[in-house]
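Thanks for coming. I will go through one structure this morning, starting with the chain A domains and ending with chain B.

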Amino acid sequence: MLKSILMGAAFATTAATGAFAADFPQRPIQVVVPYSAGGSTDLSMRVVAETFERLFDGQMVVRNQPGGGGAIGSSAALNARADGYTLGAGAQGPLVIKPLIGGTDYKLDDVEFIGLYARSLQVMVACADAPFSDYDAFVEYAKDKAPQVGNSGAGGANQISAEAFADAAGITIESVPFNGSSEARTACIGGHIDAMVASPAEALAASEAGQMSPLFVMEDERIDLFPDTPTAVEKGVDFTWSSWKGLIGPKGMDEDTRAWLRDAVEKVANDEQFRKTLTDMGEFVVYEDGEAFEARARKDMETSKKVLEKLHMLEMNN
Amino acid sequence: MESIAFLTPLFEPQILLTIAAGTLGGLIIGALPGLTATMGVALLIPLTFGMTPVMGLNMLIGIYIGGIYGGCVSSILLRTPGTPASAATVLDGYPMAQRGEAGRALGMATIASTVGGLIAAVVLATLAPQLAGIALEFGASEYFALALFGLTIIASLSGDLLKGAISGLLGILISTVGADPISGVLRYTFNVQGFASGFAFTPALIGLFALSEVFTQMERIAAKEEPIKIVSGRWPSRSEMKESRGALLRGSIIGTLIGIVPGTGSGTASWISYNECRRASKTPEKFGTGYAPGIAATESANNAVCAAALIPLLALGIPGDVVTAVLMGGLLIQGLAPGPMLFQTNPDVVVGIFGGTFIATIFMFIFGMALIPVFSRILMIPRRLLAMSIVIFCFIGSFAINLNPVDLYTMVGFGVLGWGMQKFGFSQAALCIALILGPLLESNLRRGLLQTHDDVIAFVSTPITLLFLALTVLSAGWPLVAGALVRRRAERNQSKPESQ
């Protein structure tokens, strides 16, 4: 008797999720952020959750699962049941770079790209007491002596972008890894390294205070915050780089659920209040659908692969 | 005069209420093992979106100050450091509670936290821009020398020097598990993805101190020993206050100085303070046996770090620890970029934060003192039930921090290790210090040598590095010299009566 009730209930649940996916979501959606609470990925995802709950009749809960440079949380999101109720914050380091270095139980092919809602632009800055303070002097200096460029962690996105630029520009740099970007920033302001990759928001405040000077922007075109700072592209170096703020999930979701989620990300990314909050936080708010997001990830992977091979880090941890 | 005008908005009931709520919330979060001040601040940042900068930031600072203080509660009562900052408080707090003086131990911790917080807040408000420069002097070699100096605590803290050294080295070995800080190669992870960042720190501490104690308690329960049911009043006695005066002052100053140096944090500060106060004490042998100045030393230092860590954040835009890094996120969301410009562009916010730090510290004192009788009641719970609930808390706390199941194995593993160490007279404190300082030591040594291209002389030849290296030699050598002096005096005293 009991058994048949349970089976009936189980059947009813399956039927409900299968047949009426239009009713999605019926319970809170969890988003795994693979970093500690309080970082830019976490904060932006919390704004997404807040906007989501305002726009839709549903709940979105952010769950922080830090560790392994983001690999642990990303693995949790990608190995979750593909019912649309467990998603992840799509971060460049753990999704693109970590699988190439090795030691992860997932690959880029396991990722279902739902949508990108912002990009974090990157600026290379000269640190306090550095022997250069603009792009030309930087490249000129690098011809004689490798500048020491700080990054937020060995094998992280920061190191890859700095090395990828050096490769494209035909110069040599010496990467100095720190434990997180705030340590690198401290060393930079203290003049213990020559340069680092920073976000436009932090670079702006620091350059106004005379602590750093912007060298170049890693975009196609100059950006509003730094109208006087060149891009690498205009200096004849074919190099752009930015990190992403997006939503991902495990492969194998049913079609309706996936379509609903994609639509939700688009609506969130185009919400006026959301755009303002995120812009104030220093993010570059832009919507890209799943396909464009995936293409971006694959392009970043090609760049990273080349750099890692050169650094002898490809499949280092396998 | 102008700055006084900026202080008045702080006394609006709405803002006072927000700071009070933040402090109380932080206190409770800190008291629960596994929920840290960092987590409290990070989780409540979204709540501040709609607030004015002064209100929002002061709520977060309240949580921070309350959270670091709250950690002492479970350290003293349950031997479970609520936050890593309070691990050193276990040494004297827990024995005091076991002696039936839980109330007084908590009272001393509250007073010490308040004194440390207020002294650092005064420094913050008066000397922030001047002192912030210290933070910039610290490069790889300076951090390395500071960490090395910190490790000498092991020599004076563990009774048996050999066993202490073994515990310390084991701790350093354990701290090498995970991704190599310079090359990113995974070390000793045995292909377990969950260990990619090494053993998680808080679960390791919870296992090392709390779970191991439960094992010891279980042996006592089996031996049918009677539990303590006395908790004592909350105010330390006059003589305890008199004995602790030096420790309070010393702890506050050490905490303030270490708080200014980014990336070292309240855990390091409380251990160094404990060691220095013990060394300066006339009765160092009483430390570790449930001696009030021991609590005064650690708690004044760790709360001084809170306000002091705001110095480099506000003056230079450099976060001093994880919590201030999160606070920096909070400032950026408010459209305020911390750094030297902030003092000019938004003096109202800067002064508001100075004032808020004082107010939050005072709220912390009031709530802390008021809640002591409530907290102490935990000890009235029959020992069997208490041991069971601590085990549950160990698991929940270890899991809550990263939601990583591997952390539970870490906690249990360290629990067994800690129990074994306790049984055979190895110092758990030495292991804990090595776990805190090991990564700081290794990554800065390697980063520094990378930057100087393996030139050791260039690496060590900066004034601050040399100063700390000299202190290291003195500190490591002192117990040996002191021991020799004591022996000689004893010999002389023995030989004197004979010659007469």
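**Domains, sheets and the chain contact**

Chain A is divided into domain 1, residues 28-118 plus 242-310, and domain 2, residues 123-235. Please keep in mind that this is a predicted model. The C-alpha centres of domain 1 of chain A and domain 2 of chain A are 26 Å apart. To their contact, domain 1 of chain A brings 12 residues, and domain 2 of chain A brings 12 residues. On the domain 1 side, helix H4 (92-101), strand E10 (242-250) and helix H11 (290-310) of chain A each supply at least two residues. By class, that side of domain 1 of chain A has three nonpolar residues, eight polar and one charged.

Next, a sheet of six strands. This open sheet of chain A has the order E2-E1-E3-E10-E4-E11, and its pairing is mixed. Which strands stand at the edges? Strand E2 (60-64) and strand E11 (284-289) of chain A do; each has a single partner strand, so one side of each is left without a neighbour in the sheet. On average, and ignoring direction, neighbouring strands of this sheet are turned by 25° against each other. Strand E1 (residues 29-33) of chain A runs parallel to E2(A), and five bridges join the two. Within that pair, A:Val31 has A:Val62 in E2(A) as its bridge partner. Helix H3 (residues 71-78) of chain A packs on this sheet and touches E1, strand E3 (86-90), strand E4 (111-121) and E10 of chain A. The direction of H3(A) makes about 140° with that of E3(A).

Now the sheet of five strands. It is open as well, with mixed pairing and the order E7-E6-E8-E5-E9 in chain A. E7 and strand E9 (213-217) of chain A are the edge strands, each pairing on one side only. Neighbouring strands here are turned by 30° against each other on average, direction ignored.

Let me take the pairs in turn. Strand E6 (residues 148-151) and strand E7 (residues 174-177) of chain A pair in the parallel sense over four bridges. Opposite A:Val149 stands A:Ser175 of E7(A). Between E6(A) and E7(A) the chain passes through helix H6 (residues 157-169) of chain A, and this β-α-β crossover is right-handed. E6(A) also runs parallel to strand E8 (residues 195-198) of chain A, with two bridges joining them. What is the bridge partner of A:Val149 in E8(A)? It is A:Ala195. A:Ala195 is also the bridge partner of A:Ala126.

The axes of helix H13 (residues 292-316) and helix H16 (residues 347-376) of chain B come within 11 Å and cross at roughly 170°. H13(B) and H16(B) are therefore roughly antiparallel to each other. H13(B) contributes B:Ala307, B:Leu310 and B:Leu314 to the contact, and H16(B) contributes B:Val350, B:Ile353 and B:Thr357. These residues divide into five nonpolar, one polar and no charged.

Last, the two chains together. In all, 48 residues of chain B are in contact with 46 residues of chain A. Several helices of chain B each supply at least two residues to this side, among them H3 (37-44), H6 (102-137) and H19 (428-451). Which helix gives the most? H14(B) does, with five residues. The side of chain B that touches chain A holds 30 nonpolar, 15 polar and three charged residues.

Technical notes. Residues numbered from 1 in each chain as written. Chains lettered and ligands numbered in written order. Predicted model: local features only at pLDDT ≥ 70, side-chain atom pairs only at ≥ 80, totals over all residues. Contact = placed C-beta atoms within 7 Å. Nonpolar A, V, L, I, M, F, W, Y, C, P; charged D, E, K, R; others polar. Pairing = 2+ DSSP bridges. Right-handed = clockwise from strand over helix to strand, strands pointing away. Axes fitted to C-alpha atoms, helices over the stretch in contact; angles between N-to-C directions. Domains from an automatic or database assignment. Parallel < 35°, antiparallel > 145°, perpendicular 65-115°, else oblique.
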